[in-house]
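Dear colleague,

I am passing on the structure we spoke about, with the sequence alongside. Please have a look before reading on; my notes follow below.

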Amino acid sequence: MKERLLEAEWNNITFLSANQSQTLRGKIPYDPSRENEAGCMSRLLRFFITLASLASALAQPLAAQTGGLNVVVTSKPIHALVADVMKGAGTAKLLVDGTASPHTFSMRPSDAQKLSQANVFFRVSEALEPFTAKVVRALPRTVKVVTLAEASGVTLLQRRTGGPFEAHKHSHSHGKHKHGSEPDDLYDAHVWLDPANARAMARAIAATLAERAPADAARFAANADALVARLDDLSAALKLELAPVVERPFVVLHDAYQYFEKSFGLSAIGSILVDPDEQPSAKRISDLRRKVGQLSAVCAFAEPGQQPKIVASVTEGTPTRTAILDPEGIMLEPGPDLYFKLMRGLASTMKSCLAAPA
Ligand SMILES: [Zn+2]
């Protein structure tokens, strides 16, 4: 009963149009005049990739001799897992660095060159990282591409869509290309937020690396074992930490937390998606404020760089508190510990916002 109610509420509070969601996700205002620029860029990238693949074909025997694997990873959360599995046997290069969002990242020619010389390229998925769609097709065959969202043992959850204000079902998972018909697009792309998925990904990472560098296979396997054990501990600790607040309703700005909620039994009631580029109308703000009040949301969670003022105006005059969550780790330093910091950070922010008396 409660579940059905939550689902209905979710549908009612998802206020987005396709255009809004596309621009919201990346925190970078959408500018149609950049479309052409992007076209040129992708031709340029293709050119560089072709050049670099020639170079890497020539360099292959040398890479094999020197041993060390050249590994490139798209986003910070999975970079952390790869870096952990590779400890003592090399380092992984991160593509979407700094405060960039995987949803709107675009590669520079120097990134393309780096990538075309890789032995292994790990990504979450095309849905999370639309920039990888064309790139992957242009890469030389010497680059082993691994889409971790498709790894064996990873549980995918369908995207939450619906609601009267939504033009059509779509999320930030689309970039500048259509891929509505791709099965990938049906799933919520934030798969790493379930520690069980992180475990499955750690195993897949170790298996891929071992295939490419058999001499280090034992090390990768041992690192993955240790990582899996730490992930189990993390999962148990967060479950305990969040147990007192599982019943407390909250809303989020960006619907990125489904895997986290399901893992720990939390009660999200909806996402408020607003275009960072356009100020929402006063009526829209008041509609949202009424919903948040009706559903007695204890907290509304914003994200780094995503217009805290909008969240504040939605919760103004309601007892709903606000806090900031960083599901993609854009504010964290990359490295093997990032995954744990990210998950603990989400849990402690949620806990402290939800636990305080209303
Ligand atoms: Zn996201």
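Predicted model: local features only at pLDDT ≥ 70, side-chain atom pairs only at ≥ 80, totals over all residues.

Thr-208 lies in helix α7, which covers residues 195-212. Is Thr-208 buried or exposed? With 22 other C-beta atoms within 10 Å, against a threshold of 20 or more, Thr-208 counts as buried. Leaving aside neighbours within four places in sequence, Thr-208 is in contact with Val-120, Lys-144 and Val-146.

Four strands form an open sheet in the order β2-β1-β3-β4, with parallel pairing, and its edge strands are β2 (92-94) and β4 (144-147), each of which pairs on one side only. From one strand to the next, the twist averages 20 degrees. Within this sheet, strand β1 (residues 71-73) and strand β3 (residues 120-123) run parallel and are joined by three bridges, with Val-71 standing opposite Val-120 in β3. Helix α4 packs on the sheet and touches β1, β2 and β3, while its direction makes about 170 degrees with that of β2.

There is also an open sheet of four strands in the order β6-β5-β7-β8, and here too the pairing is parallel. Since β6 (268-271) and β8 stand at the edges, each has a single partner strand, so one side of each is left without a neighbour in the sheet. Ignoring direction, neighbouring strands of this sheet are turned by 25 degrees against each other on average.

Strand β7 (residues 299-302) deserves a separate paragraph. Both of its faces are covered, in that Cys-299 and Phe-301 on one side, and Ala-300 and Ala-302 on the other, are all buried. Strand β5 (residues 250-252) pairs with β7 in the parallel sense over three bridges, and Phe-301 in β7 is the bridge partner of Val-252. With strand β8 (residues 321-324), β7 pairs in the parallel sense over four bridges; in β8, the bridge partner of Ala-300 is Thr-322, and that of Ala-302 is Ile-324. Helix α11 (residues 308-315) lies across β7 and β8 and runs at about 165 degrees to β7.

Finally, I looked at helix α8. Its 26 residues, at 1.5 Å a residue, should span 38 Å, and its end C-alpha atoms are 37 Å apart, which agrees. The buried residues of α8 are Phe-220, Asn-223, Ala-224, Leu-227, Leu-231, Leu-238 and Leu-242, and what covers them includes α4 (76-85), α7, α9 (258-264) and α12.

How does α8 sit against α12? The axes of α8 (residues 217-242) and α12 (residues 338-355) come within 10 Å and cross at roughly 10 degrees, and because angles under 35 degrees count as roughly parallel, α8 is described as roughly parallel to α12. The residues that meet are Leu-234, Leu-238, Glu-241 and Leu-242 in α8 and Phe-340, Met-343, Ala-347, Met-350 and Lys-351 in α12. By class, this contact has seven nonpolar, no polar and two charged residues.

Key. Residues numbered from 1 in each chain as written. Axes fitted to C-alpha atoms, helices over the stretch in contact; angles between N-to-C directions. Helix = DSSP H or I, 4+ residues; strand = E, 2+ residues; numbered from the N terminus. Parallel < 35°, antiparallel > 145°, perpendicular 65-115°, else oblique. Contact = placed C-beta atoms within 7 Å. Nonpolar A, V, L, I, M, F, W, Y, C, P; charged D, E, K, R; others polar. Buried ≥ 20, exposed ≤ 12 C-beta atoms within 10 Å, placed from the backbone. Pairing = 2+ DSSP bridges. Expected span 1.5 Å × (residues − 1).
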